[in-house]
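These are my notebook entries on a single structure.

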Amino acid sequence: MTSPANAPVTATDPASPPPHPAWLPPEAFRAIGARRVLVHGEGPPVETVHDEVARACARYGGRVERTAAGPVDLVLALRDSGPLPEVVPPAARTAPDPDGGSPGDEGFLLTRSDGVTIVLADAPVGLLYGLFHLVRLGEAAFTGEQPARTHRPALRRRMLDHWDNVAVHPVMGQVERGYAGGSIFWRDGRPRGDRERLRAYGRLLASTGVNAISVNNVNVGPTEALLLTERLDDVAEIADLLRPYGVRVHLSVTFAAPVLLGGLPTADPLDEQVRDWWESTTRRVYARVPDFGGYVVKADSEGQPGPFSYGRDHADGANLLAAALAPHGGVVHWRAFVYDHRQDWRDRTTDRARAAYDHFAPLDGRFADNVVLQVKFGPVDFQPREPVSPVIAAMPATRLAVELQVTQEYTGQQWHACYLAPWWHEVLAFRLWGPGERSVADVLADVPGPGPRRGGDLVAVANVGDDPFWCGHPLAQANLYAFGRLAWDPRLDPTALLDEWIDLTFPASTVGDPTLVRETLHAVLDDSWRIYERYTAPLGVGFMVNPAGHYGPGVDGYEYSRWGTYHFADRDGVGVDRTRATGTGMTGQYPPPWSQVYESLEQCPDELLLFFHHVPYSHVLHSGSTVIQHIYDTHFAGVAEVEAMRDRWAGLAGVIDPAVHERVTERLAEQLRCATEWRDQVNTYFFRKSGVPDARGRRIH
Ligand code: GCV
């Protein structure tokens, strides 16, 4: 049995076989490939549309043309590319854009009348998104009459950040927090040159709606820093490969670049020479990559350089880079993940969860228009359960990006099946000012209402590598898929998204028993995030992971460390007092009603109880259980549920691709081993601390 610690890094070289098709196997294009198709328009993404359709038609017997020579079943047309082809029925030609808005830069209009399905777009990438929408619809795209409907992304930027190192980092390896082998971009200090894999990646991203990526780790080392200057060609090559898929490339840069690369004595954001250096450097970037997206910056965070070294604040720092990018239309994603990572555990006044708000909320209104403040979704660090970050409600005059983690750093590292879309959906649907008010998604989508009105982006840390299944765990592909789709439309239902992913990845005609496949995948994945939560850290207290790699249990692993992530368990109770009355006061960072709800022991939701309160083990939850009994019950239940997942999965042997089946079987065995370890360590720890036996008399060590 291969365990995560000694898992082989799966390497492929340029000559190796193509990776798993993920959710775009040829069969997913059958409905389109069997049709007579007209593609009308020009521009790189239109060529992509044409090539996709041509490939599908070659396989499934249809035909594709650029000018109509006869009747067609499907028209994909750019509206401003000359007169629309005659075959577009008059009704569709004159149809006003529904809801009064045009498709815009990235949207498309879909209608079907007189037996012809029509996708119209104003910009080439809209046509590409329209094509992939048809792929999702399959045969349903070619039935009946369909009134015109405009589809537009809710969020402007839908971005994946790659924490890929160009040179192998001595501790973090080729990909920081990467669980899918090596980087798809870099190997041992050089570009890996696997152009086919990058094209395939661009195609997968476009099909979900992702339109931006950053290609290197936010922790920028000396080799990575050079991507901004002398190794710009490496970035340009990636940009060239992804452009046909509507994906713009961004770069993580170090704030110390003027010193490291420019030979200046300072990187002070108010220094004239420093400003000039960023301006000229950025000009050269755009000369080489005209559609370059911008910079991502982790400053004054976990050892990365930043404006604090010069007595400046983060608005000074972010605005420096924003000024250099503005003339070219670029943005800076400035991360709000700033906290004291050298905290003394004895110091009970410092609260890491407060840090982002304390640093950034006072700066609201000072950030340039092209600064996007990138905020982790929770106040601590991508835990399987945290409250939503109060920063998102606190900065009405600042553009925001909410950052999620598709890579499963704290959610089983792609050894555990953990479908994260329900968690993200919960975060995006969280109503920051209480029931009936705007949600996180509304803030990002700039839906009118009180609070922030600048709109924003959804960003996530990517989970892919050079693994043949892209993600190590084949079922982790569903997370990547769901992230893109939620960024396009945060209101989408996670269960429906899983169905979309199943339909595409396991087309009915390619598996032995489609109903069994669907039921099994739902049984394994629907509740998998909550199951993971059940056998790991209880009631929102977080961490308790093994500090060496954040995989597996380590209940006291961080308790006496400098990282600010403590649970404070003793013989009487557990949890972090973040109340205003007796604790760190973090509850006061929320607007009402949450500032009161979280402050109140009676009202605080069970799942966040230990995030906000230190309580005795005998404290009775809303569920009716005591805290200690809840810990025992959930940990026994979580392991039993993983056993059930494993047994359900076994039923797919011989029904799906054996390679996928075998890989998932292997991972479920490891998940069960690890979940059991979590259960036994957590239960034993709390039994020994509290001395309270399990009311059900089960074995605790
Ligand atoms: C890229 C966590 C991770 C780090 C990561 C950091 C961040 O602390 O463990 O590996 O660094 O978050 O988001 O910058």
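**Entry 1: Asp 268**

I began with the side chain of Asp 268, which makes a polar contact with the side chain of Arg 312 at 2.9 Å. I note that the model is a predicted one. I then located Asp 268 in the loop that joins helix H8 (257-260) to helix H9 (272-288). Is Asp 268 buried or exposed? Its relative accessible area is 12%, which lies under the 20% cut-off, so I recorded Asp 268 as buried. With neighbours within four places in sequence left aside, I listed the contacts of Asp 268 as Val 274, Tyr 310 and Arg 312.

**Entry 2: H7 and H9**

I next examined helix H7 (residues 232-242) against H9; their axes come within 10 Å and cross at roughly 40°. The crossing of H7 and H9 is right-handed. Which residues meet here? From H7 I noted Leu 232, Asp 233 and Ala 236, and from H9 Arg 284, Val 285 and Arg 288.

**Entry 3: the barrel**

I traced a closed barrel of eight strands with parallel pairing, in the order S7-S12-S13-S14-S15-S16-S17-S18. From one strand to the next, the twist averages 25°. The bridge partner of Ser 214 in S13 is His 250. Finally, I found helix H10 (residues 314-325) packed on the sheet, where H10 touches strands S14 (294-297), S15 (331-335) and S16 (371-376). The direction of H10 makes about 160° with that of S15.

How values were computed:
Residues numbered from 1 in each chain as written. Predicted model: local features only at pLDDT ≥ 70, side-chain atom pairs only at ≥ 80, totals over all residues. Heavy atoms only, no water. Pairing = 2+ DSSP bridges. Helix = DSSP H or I, 4+ residues; strand = E, 2+ residues; numbered from the N terminus. Axes fitted to C-alpha atoms, helices over the stretch in contact; angles between N-to-C directions. Contact = heavy atoms within 4.5 Å. Buried < 20%, exposed > 50% of the residue type's maximum accessible area, 1.4 Å probe, protein only. Polar contact = N/O pair within 3.5 Å; in protein donor to acceptor, adjacent residues only side chain to side chain. Left-handed = near helix turned anticlockwise from the far one by under 90°.
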